[in-house]
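Good morning, everyone, and thank you for making the time. I would like to walk you slowly through one structure, so please keep the picture in view while I talk.

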Amino acid sequence: MKKTCLHGCHTELEAKMAPFAGYDMPIEYTGLDEEHKAVRTRAGLFDVSHMGEIYVGGPDAAAFVDHVFTNYAAAMADGQVLYGMMTNEDGGTVDDLLVYRISESKFLLVVNASNLDKDFEWVKSHTEGYDVDVRNYSEDCGQLALQGPDSEKVMADVLGIDGSDLAFYTFKILPGNIIVSRTGYTGEDGFEIYAAPGTIVDMWKRLTEAGVQPCGLGCRDTLRFEAGLPLYGDELDNDITPIEAGLGMFVKLDKPGGFIGSDALARQKAEGPRRKLVGLLIDSPATARHGFEVLDLEGAAIGYVTTGYNSLTLGQNIAMALIDARYAPLGSKLQVRIRRKTAPATVVKKRFYIPNYKK
C-alpha cells in the first residue's frame, strides 16, 4: 500500500489504520464520536494527502477544462474554486472534483484518490486539438483539511496564516507555493492547505501539538453524509449521472461548446431522470448500509441505499438512497430491508444537517 507523507505522524499517534484507495490511511484516533463532535463544535484536522492533483496549463487551458468539466471554468475568476463533475459520453460520472483557477492559462484539478490514475488518463486522452500541458503533481503535494467553526482562528494562531480574507470557495497562494482555500468536505467552515510534503508534516505537528483534534476517514464520512455531500462510489459512479444524484446545479448545459456528456445529460434533464437520490429517515434501531434494498409498501424493490448511518448529530438512523423517481417526492412512505427484516422509511431532504459555511 501507498503511504502519505503523514503516515509516520499517524502511527506515532496510534491511529487505527486501514486500506483506502490504495493507501494505508487513519480511520480514527480517539474515537469516531469524539472526532465528529470536535469538527462540529471546535476544529478537527484531516490528512487528505491521498487526494489527486492534476495541473492543466497552456493557452487553451480554460477551454479544455470546460470540455471535460460540467461546471463553467471559463467564467471563473482567478482565485476561485468550483465544484463539478467529469462525465462520460452517456452522462455517467467519471469523477467529482474541485477546479482551482490560478489564471486563464493555469488550473488545478483536485480529484478523488481512488480515481486518480483513471482521471489522469481520461484528461490526457481528450487533449487532442487543445494547446495544453497536463501533469500529475500528486506525488509532490501533501494536503491538510482543517475543519470546524474555530478553524480560522486556529490557523491564524498556530500557523500564522490569515484566512479572514477568503470567501467560501476561494483560495490564495502563499510564498513557498502553499495554496490555502476556504473549502472542505464536512459541512463546516474550514480550510484546505496544499504544500510540499515536508511543509505539510511540519504544519500537522504544530497543529496537533497545539491541541487540535486529529480526525480519521471514519468521521470524514459521517460528517459529509450528514451535510448531504456525495461520495464517489456510493452516490456517484460511472453509471450514476449528476442529474440523478441531484447535482444539476453544477451542470452548466448552456455553456458555450458543451462538454463531454452534455448531450446525454440534456436529454435526461428534459425527459426527467428515472432514478433519483433521496434522503431517508428510517424507523429502526438497526442501521441501513450501502447496497441494502429499498422497497415500496407492497415489498417490491425500487432502489438501494447508497450510504447509511446512525447520525451522531441528530441521533437518528438516516440514509441516502438511489430509487425509482416515482417514489422520490418528500414524505413518501417506503421500506428498507435491513438484513432479514424490513423497517419503515420516509423520504426526506438529503441534507440532514444544515452546513455552517462562511457566507
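Let me start with helix H7, whose buried residues are Leu-217, Gly-218, Cys-219, Arg-220, Asp-221, Thr-222, Leu-223, Arg-224, Phe-225 and Glu-226, where buried means under 20% relative accessible area, exposed means over 50%, and partly exposed is in between, with a 1.4 Å probe and protein chains only. That is ten of the ten residues of H7, so the helix is largely enclosed by the rest of the structure. Just after H7, Gly-228 takes a positive phi of about 75 degrees.

Before I go further, please keep in mind that this is a predicted model, in which local features need pLDDT of at least 70 and side-chain atom pairs count only at pLDDT 80 or more, while totals for chains, interfaces and linings use all residues. Residues are numbered from 1 along each chain as its sequence is written, and side-chain values use heavy atoms, with hydrogens and water left out. When I say helix or strand, I mean DSSP runs numbered from the N terminus, helices being H or I with at least four residues and strands being E with at least two.

Which helix comes within 9 Å of H7, axis to axis? It is helix H2, residues 32-41, and the two axes cross at roughly 50 degrees; axes here are lines fitted to C-alpha atoms, for helices over the stretch in contact, and angles run from 0 to 180 degrees between N-to-C directions. H2 and H7 are therefore oblique to each other, since angles under 35 degrees count as roughly parallel, over 145 as roughly antiparallel, 65 to 115 as roughly perpendicular and the rest as oblique. Where they touch, Leu-32, Glu-35, His-36, Val-39 and Arg-40 of H2 meet Gly-218, Cys-219, Thr-222, Leu-223 and Glu-226 of H7, contact meaning heavy atoms within 4.5 Å.

Now to the strands. Strand E12, residues 190-195, has six of its six residues buried, so it is largely enclosed by the rest of the structure. Both faces are covered, with Gly-190, Glu-192 and Tyr-194 buried on one side and Phe-191, Ile-193 and Ala-195 buried on the other. Strand E9, residues 142-147, runs antiparallel to E12 and is joined to it by six bridges, and within that pairing Leu-144 has Ile-193 as its bridge partner. Strand E11, residues 178-181, also pairs with E12 in the antiparallel sense, over three bridges, with Ser-181 partnered by Glu-192. Two strands pair if DSSP finds at least two bridges between them.

There is also an open sheet of five strands, in the order E5-E6-E7-E4-E8, with antiparallel pairing. Strands E5 (81-87) and E8 (133-136) stand at the edges, each with a single partner strand, so one side of each is left without a neighbour in the sheet. The twist averages 25 degrees from one strand to the next. E4, residues 52-57, pairs with E8 over four bridges in the antiparallel sense, and Tyr-55 stands opposite Arg-135 in E8.

Finally, Gly-22 lies in the loop between strand E1 (16-20) and strand E2 (23-28). Is Gly-22 buried or partly exposed? At 41% relative accessibility, Gly-22 counts as partly exposed. Leaving aside neighbours within four places in sequence, Gly-22 is in contact with Met-1 and Lys-2.
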